[in-house]
Amino acid sequence: MANLIGDTARSLGLPPLKRAAGLVTRLLPIPQPLLMVGPGASVRLGQAIGDFAHRKILVVTDAVITRLGLIKPMTDALAAGGTAYVVFDQVTPDAPIPMIERGIELFRNEACDAIVAFGGGSAMDAAKAIGLAAANDKHPRQLVGYFKGLHGPVPIYAVPTTAGTGSEVTVAAVISDPQNHRKLVIADTRIVPRMAALDPCLMTGLPAPITAATGMDALTHAVEAYIGLWSTEFSDRMALAAVGMIYQNLPVAFADGQNLAAREKMALASTFAGLAFTRANVGNVHAIAHQLGGLYHTPHGLANAIMLAPVLRFCGAAIQAKLAVLALRSRVGGPGEPEAELAQKFLDSVEAMNRSLGIPRHLDALREADIPGLAEAACREADANYPVPRVMSRDECEALLREALPKKARPRQAARRKSTTTKARARKAPVRR
């Protein structure tokens, strides 16, 4: 009964609030970074940063990127321009709070006045959190939510090394609280980087599974921005462009990681998707994926990829017209086909894309016992934040999560029911002689 009352209250009470928030997002000024695109863009960014005469740059990255020497061309450009820098390469997946605290300490001790985020989404999110926390002398937890800091951060610059998160253009920083197994979102328009370099040369060495998961992350951003209730003409244009580019280039980049043209197109698609969801927000896929990442440390792109098709099917009747448009833009359907057929073709194509990229249908870490808590947290996140086209009840969310259960973790009761049903049918079946 409590679940029924809560679900009813959400379905009746939150849509007007979300519509009001959507009107605000249409008017809210969101800065867009100056983009440098193409081979060598990271070096050109380093040269440009030198012209701003910063005292010292904090370069936020991870140990693998440092070991591979990917940052060296850019840091050489900084040094050649007379700009001092210090490297913080302790970033780990999901940007955990203890790591961010160490970054803040280094930022202060070195008297830095700018930050370069160099890496994947975790590096960029960590850089944003470090900058905002240092500027406001606050703990990162105190900044969770919308516009919790009085002061904006020092200038932040970004060099993404994956094509998926779009964090180089977004107002959000997703960090994790390992103590409570939760992902937390800091949102502030002032943490959008001032400049960003989309350098495909930095992405040619990405392993194929990372290319796949991050590419599906970008697709999820674009699709959720397009089907949500806060979409605008601008966000639709960015989202549809990203979907078309991803369908054409992700399979190529996955099969041939050295293909610079495909890598560059995927980097742009990720950025376009980031611009789309920064304005239009995301939805139920992200609400679920954040819980999987918080509890199991599932890579965000992988969690999105696994949940995208089930959530789209769940929303299908409410978004059929938009699914049909997505089918046309992804070239899995043609003009003149019935809307319902086009919508089904897009749903089928998402599953086919996952299969071709080696994305599993099930999440090995997922356990039946965890599903009620995961569903409750996902519904709470979606209700409070996202303009979803169809509201999930907790029971519906649990059902979506169970689709991702590995066979070994599926409840025995369901197996017994299936066995009982099979036996009953066998008893009723006519004997063939």
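1. Among contacts in the chain between residues at least 6 apart in sequence, 79% join residues at least 24 apart, where contact means heavy atoms within 4.5 Å. This is a predicted model, in which local features need pLDDT of at least 70 and side-chain atom pairs count only at pLDDT 80 or more, while totals for chains, interfaces and linings use all residues. Residues are numbered from 1 along each chain as its sequence is written, and side-chain values use heavy atoms, with hydrogens and water left out.

2. The chain holds 16 helices and nine strands; helices (H or I, at least four residues) and strands (E, at least two) are DSSP runs, numbered from the N terminus. Of its 433 residues, 55% count as buried, a term that means under 20% relative accessible area, with exposed meaning over 50% and partly exposed lying in between (1.4 Å probe, protein chains only).

3. Helix α8 (residues 233-255) packs against helix α9 (residues 260-280) at an angle of about 150°, and their axes are 8 Å apart. Axes here are lines fitted to C-alpha atoms, for helices over the stretch in contact, and angles run from 0 to 180 degrees between N-to-C directions. The two helices, α8 and α9, are therefore roughly antiparallel to each other, given that angles under 35 degrees count as roughly parallel, over 145 as roughly antiparallel, 65 to 115 as roughly perpendicular and the rest as oblique.

4. By class, the contact of α8 with α9 has 19 nonpolar, two polar and three charged residues; Ala, Val, Leu, Ile, Met, Phe, Trp, Tyr, Cys and Pro count as nonpolar, Asp, Glu, Lys and Arg as charged, and the others, Gly among them, as polar.

5. Helix α9 also meets helix α7 (residues 208-227), the axes of α7 and α9 coming within 8 Å and crossing at roughly 35°, again in a left-handed crossing. On the α7 side the residues are T211, G215, A218, H221, A222 and A225, and they meet R263, M266, S270, A273, A276, F277 and A280 in α9. The residues of this contact of α7 with α9 divide into eight nonpolar, four polar and one charged.

6. With α10, helix α7 packs at an angle of about 140°, the axes being 9 Å apart, and α7 and α10 are therefore oblique to each other. Here D217, T220, H221 and E224 in α7 meet N284, V285 and H286 in α10, a contact of α7 with α10 whose residues divide into one nonpolar, four polar and two charged.

7. T298, in the loop between α10 (284-296) and α11 (300-315), counts as buried at 4% relative accessibility. A95, in the loop between β3 (84-88) and α5 (97-109), has a positive phi of about 45° although it is not a glycine, and at 0% relative accessibility A95 counts as buried. A111, in the loop between α5 and β4 (114-119), has a positive phi of about 50° without being a glycine, and A111 is partly exposed, with a relative accessible area of 38%.

Technical notes: A crossing is left-handed if the near helix is turned anticlockwise from the far one by less than a right angle, and right-handed if clockwise.
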